[in-house]
Structures are given as structure tokens and as C-alpha cells.
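Q: Could you take a close look at a single helix for me, and then walk me through what goes on in the rest of the chain? I'd like the cut-offs spelled out as you go.

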Amino acid sequence: MDILPCSYVSLPTLPLVGPYIYYTKPKPVHRFFLLKVFASSTTTTGSSNKDIWRKTVPPTPQKTTPSGPYRRRQEPVYLDHSVDMDDLLRSISETKDEQQLYAFLSPYKDRQLSIRFMVSLLSREPDWQRSLAILDWVHDVARYSPSVFAYNVVLRNVLRAKQFDLARGLFDEMRQRALSPDRYTYSTLITFFGKEGKFDDAISWLQQMEQDRVSGDLVLYSNLIELSRKLCDYSKAISIFSRLKNAGITPDVIAYNSMIHVFGKAKLFREARMLLQEMRDVGVVPDTVSYSTLLSIYIESGKFVEALSLFSEMNEVKCPLDLTTCNVMIDVYGQLDMAKEADRLFWGMKKMGLEPNVVSYNTLLRVYGEAELFGEAIHLFRLMQRKDIDQNVVTYNTMINIYGKTLEHEKATNLVQEMQNRGIEPNAITYSTIISVWDKAGKLDRAAILFQKLRTSGVEIDQVLYQTMIVAYERAGLVGHAKRLLHELRQPDNIPRETAIMILARAGRVEEATWVFRQAFRAGEVKNISVFKCMIDLYSRNRKYANVTEVFENMRMVGYFPDSNVIALILNAYGKLREFEKADAIYKEMQEEGCVFPDEVHFQMLSLYGARRDFELMESLFERLDSDPNINKKELHLVVANIYERENRLTDASRIMNRMSRGALLKT
């Protein structure tokens, strides 16, 4: 999303006429920048003497005018209205090099056109190289006063063309011309760098903006939060949200809803729930999306009781239900073995004015299957067909799984044929489900043949499908076949190496996963933060703490922020390696960045201070946490008392327990 003045118009890029390479005038500032990019030792001098700052004073009229302070200032007369901008742009697009462009613009070099007209012209010029050349002409030939609006437009053009080094050079040039970058300048830089995954650069521009005391706005911070959320970099999103509030900006309901999702994904469920109350405190009413987002987060993490409680709260405050909320709650009821409630909610949706969609039907199908209500499931499946409700691959996958539970493998196989006849293409889950069904029915030969066909047919084989076949071989006692599949993942040719790493890590194959990970990381193929997390979890489970820190350092090298779970694992690893200073440094760094930790991370840091017998730091952290209203005070006191007890400091342990007792009495 471009955050630019509304007068800036975005048009598709127009190609240059002819095979010529368009270039900007070798102006001292641009030339210096370009030479820096290409590491040339050539430099230019004399640019500081160019008189580009003095504004030309219009000639005094040849008639008698009053002298002194009452003399009227004559406004310049511009040709803006007499020049057709469309014709001008068309003619500019036909120029093939800088000389032709300058020759065409020469009639206007005495500034007969206003700077506003020139900025509008730049905003409609789609080619970034021409826009640079026009900017040079504006400053060096026509000698207009430098304009931050003109630079903002050209910055947008070069960033659209992904000329990031050139954008930095333009920013430096603004500084050299004594122009102060404004909010639009920084918004453009932050947005485009962030969209290209250059998140560290985007954050750097944000820090520069704050140093320059340029106030950001809600849209800018919301864009950064959304970018970090899409990159699954939840710690950075939390840090940016803290910056937003520290800047005195009140988040709107959209920003709050994004942060509910972020806190939930970061497993900070208490903080996500507390955002609902914070919204009410600042006058922002939680809407249906607020509740449905948190409900979805609870389900993903298996917190079905909490989801049920939240749904009750949603009904108490009379927040209207939508289709998404109903679908989510049907799933919750199913997970809690409340099939009757799921059934009642589904069939009562029409009374609420909601028409169940294919997701609603698929969810209830799964609930019936898990509750072993197979007759109801088959009836609902055929009802969908009679009512012409579009069934999809999820519908068939669910029914194949249900037939697998009833050991009716032939009916499951027939469903695969039926879906193909209806033009619904099976996916990896379809194949992994049918392989699992055949495996349970003792038809391993059919499963193996299908798997081999899939490998040679070019069908995408995901983690689940691979793992299903490995498990099938192991269940049948064919350990050699399972090992062969695992070994092939070291040199994967039909799946991405990131997928191979995840399969090997989740299968507990430490050596193979390590080998593939290092090869992929050196080749720059590890782009997904989940791969780093998976490897850190693998090493931690196998007590390979040096490897935990190695992957963590690689993760930070490519610009990812750790989430609370990774922080807990890395603090534990540093503690096991007796590298307490590194643990302390990463704990403080993440807090300075605005990361929010669950209580367990703070308690772990207290334990590390106790392990190195740094009781002064431990007491300092204890006092800070004790004053934090979001910390569980009982658990905090018990942790600190246990640390003192392990170190045989019984007096201090008793002091902490007595303090907890006094606090409980005061609270009562």
C-alpha cells in the first residue's frame, strides 16, 4: 500500500521506445552514489559550489510603485493551464535518451511551469529512469528550489522498480540539499522495503524516522504489523505495536484484531485475551472479528475450554455471530465431544439469518466422524449433493477418512474415483489418507504402488504424505524401506529442501536433518522461520544445546526475531552451556525491542541468575516482576524461594515465602 499524497497517480510502467538504455544525468550527487554502489574509486568534486539554492527574483516592473514595506510583491505567471500534460507526457515517453529529454524540456527551463505542475508530471511518469532524469532537469537545469514532494514521487518510482540502493542514494541526496524527509518519505521507504522482505531495513527506516522526530501514523504502523504478521515474525509485530502506543497513537479495531492474531500465534494467550479489555478501556469496541480471531487461535492451540468460555462471553455482550464464528464453534463442540451442541448450532444457523456454507458442512462431517456417528455423516454427505452444495476436496478427504474408520476401504477407494469424475483433484492429504486406510486394511502393496506412482508423476508430496508412508513401512516391519525413504530426503529431488528438513526433524532424524539444513542454509534456501523453529525444537529435545545456539544465530543472521517458545529454548541452551552472559544479553535485547514474554521465560531467567549465583541481578528482576500486574505472583514467589532453597540459602527462601503470605493477606 502506497502511503503518498492523494495527488500522486499510479500508472502501469510504459516501455521506452527503441532499444536505448535510459540513464540519469551524471549529476555529482547521483554519480557519487552510483559509484559507491559499484565500488568504483572515482570521485567528483566541485558540486558544493553549484548555486542551486538561490531563488530567482522576478524583474521589477517598469512603472512607479510605492516604496517601502507597502510595495506589492508580483506573483510569477505560470503556463500550467496552457500546457496539456497528457501531450507533454506522450512526447516525453518518445524521448530515447537524456539529451532528447533535455532538448524537449528546454522551452520551460526558465521555470514557466510551477513546481506543483512538475511534481504532478513526475507522479504520472511511470518509468523510474525518466523520472530521475526529469528530477535532475528540475534541479540542475531549471534551477527549481528542491522539493520534498518531487523526491517523494521519484522515491516511489524507483522503489516500485526495486532499485533499493538508488532509493537510499535519493534519501541521502535530500539530506545534502537541506530537505527534511517527511512522513510520506519514510512511509514509502518503510512500506516498500517491508513488502520485499527487507524487514530489518524497514525497521531501520522506522528508527531513523523516530530519531528525526517525524511522527508516524496509524496506517504506517499497521502496515508494519501486518507485514511482520505475514512473515510470521510475531516478536517484531509486538515490538512495533509497543512503538505505536508509545508514540501516543490509539490503535483502531483493525490494528487490535491484527495484534490479537499476533499474540495468539506467539502463544501469548493471556496477552491476546487482555487486548479485548484494553480495547474497551480506550473506547474501541471489540467486534465479531476480534472474538472469532481469538476463537480460531484457541482452536489451533487446542485450548477448547478457553474457546468455549470466550464464546459465552461473546453471547453475554451480545456481539453478533457471523458465519466464521459459527463454523469455529461447531469445531470446538466437536473437539469437546459435544456433538449434540454442534448439531444444534449447525441446524440453528438459519434462524440467525446465516446460511451454512461448505465449510460448515465439512466441519460438521468431521464432528460426526470423530463422534462415530457414521450414519449421520453419510446422510449429511448425500444431503449436500441433493441440495447442490458445492463439495470440495476437504469434503471428500473427510468422508474417505470416515470410511477408513469403518474399515470400508473399497468405499474409500471409490470416493477417490468419484471425486475425480466430478472434476475435484485429489491433493496430498487425499493420497496420505487413502494410503493410511489401505495400510490399516492390510493393503500395503497398494499403498506402496500408489506412493511410487505419485513420486514419478510430479504430484507435490508434502510432509504428511511422506511421513504416512514411512509409518506404514515401519508398522509392517519393513524398516529398511522406511530408512531408504529417510535417506533419500538427504538429496531431495521432488520436494523442496525446506520440506525435507521438516520431515526429517519431525521424524527425529537428527543427523539427516542437520546435514540437509546446513546444505540448504549455505545455499540460501531456508526462507521459512518455521524451519528454524523446527530445528531448534529438534536439537533441544535431543539435548544438543550447541546446535540449538548455532541455528538460533543463523536465524538472527537472516533477520528473524524469535518467539517466546524459541526464547525459552535458547535461554535453556545457554544455561546448559554455562553461557549466562549470552542468555542475559538476548533476554534484555528482546525486552528492549518490545517483545512480550510468558511468565515461564521470566522464571527461566531467574533460574539462570540463580545458577550462576548472581543473586543481586535475581533480586532486581524479582522486584521488577513483582510490580508487574500481569505476572502470576504466587508462581513468582515459589520460583524464587525454590532457587534460594537449592542454593541452601534457607533464610532468603523463608523471607520470600513470608513476603508472599503477607501479600496474600493484604490482598484479602
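A: Helices (H or I, at least four residues) and strands (E, at least two) are DSSP runs, numbered from the N terminus. This is a predicted model, where local features need pLDDT of at least 70 and side-chain atom pairs count only at pLDDT 80 or more, while totals for chains, interfaces and linings use all residues. Residues are numbered from 1 along each chain as its sequence is written, and side-chain values use heavy atoms, with hydrogens and water left out.

Now for the close-up, helix 17. Within its span, residues 339-347, the buried residues are A339, A342, L345 and F346. Look down the axis of helix 17 and those buried residues fall within an arc of 125°, so they line one face of the helix; the arc is taken over the directions from the helix axis to the C-beta atoms. K340 and R344 sit on the other side of helix 17, and they are exposed. What do the buried residues of helix 17 pack against? Their partners are helix 16 (323-335) and helix 18 (358-370), where a contact means heavy atoms within 4.5 Å.

Zooming out, the chain has 35 helices and zero strands. Of its 668 residues, 48% are buried. Take the contacts with a separation of 6 or more, and 64% of them are between residues 24 or more positions apart. The accessible surface of the chain comes to about 33,700 Å², with 51% of that belonging to carbon and sulfur atoms; areas come from the Shrake-Rupley method with a 1.4 Å probe, and for residues only the protein chains shown count as cover.

On to the nonpolar cores, meaning sets of buried Ala, Val, Leu, Ile, Met, Phe, Trp, Tyr and Cys residues joined through side-chain atoms within 4.5 Å. The largest one has 134 residues, and M118 and W137 touch the most other members. Helix 6 (residues 148-160) gives this core its largest share, eight residues. Leaving aside residues up to four places away in sequence, M118 touches L113, I134, W137, V138 and Y144. There is also a second, separate core of 59 residues, with M502, V516, F521 and L606 among them.

Next, the aromatics. Rings of Phe, Tyr and Trp (its six-membered ring) pair if their centres lie within 6.5 Å; planes under 30 degrees apart count as stacked, over 60 as edge-to-face, and the rest as tilted. The whole structure has 13 aromatic pairs. One of them, F164 with F193, is tilted, at 5.0 Å centre to centre and 55° between the planes. F164 lies in helix 7 (residues 164-176) and F193 in helix 8 (residues 183-195), so this pair ties together parts 29 residues apart in sequence. F164 is buried at 10% relative accessibility, and F193 is buried at 0%. F241 and Y256 pair edge-to-face instead, with 5.9 Å centre to centre and 75° between the planes. Here F241 belongs to helix 11 (residues 234-246) and Y256 to helix 12 (residues 253-265), so parts 15 residues apart in sequence are tied together. F241 is buried at 2% and Y256 at 1%. Ring pairs also link F164, F171, Y186, F193 and W205 into a cluster.

Last come the salt bridges: a side-chain nitrogen of Lys or Arg within 4 Å of a carboxyl oxygen of Asp or Glu. By this rule there are 26. In one of them, E313 meets R280 at 3.1 Å, N to O. E313 lies in helix 15 (residues 304-316) and R280 in helix 13 (residues 269-281), so the pair ties together parts 33 residues apart in sequence. E313 counts as buried at 18% relative accessibility, whereas R280 is partly exposed at 33%. E418 and R382 also form a salt bridge, their closest N and O atoms being 3.6 Å apart. Within helix 31 (residues 580-592), D584 and K588 are four residues apart, about one helical turn, and their side chains meet in a salt bridge at 3.2 Å, N to O. D584 is buried at 10%, while K588 is partly exposed at 39%.

Methods
Buried means under 20% relative accessible area, exposed over 50%, partly exposed in between (1.4 Å probe, protein chains only).
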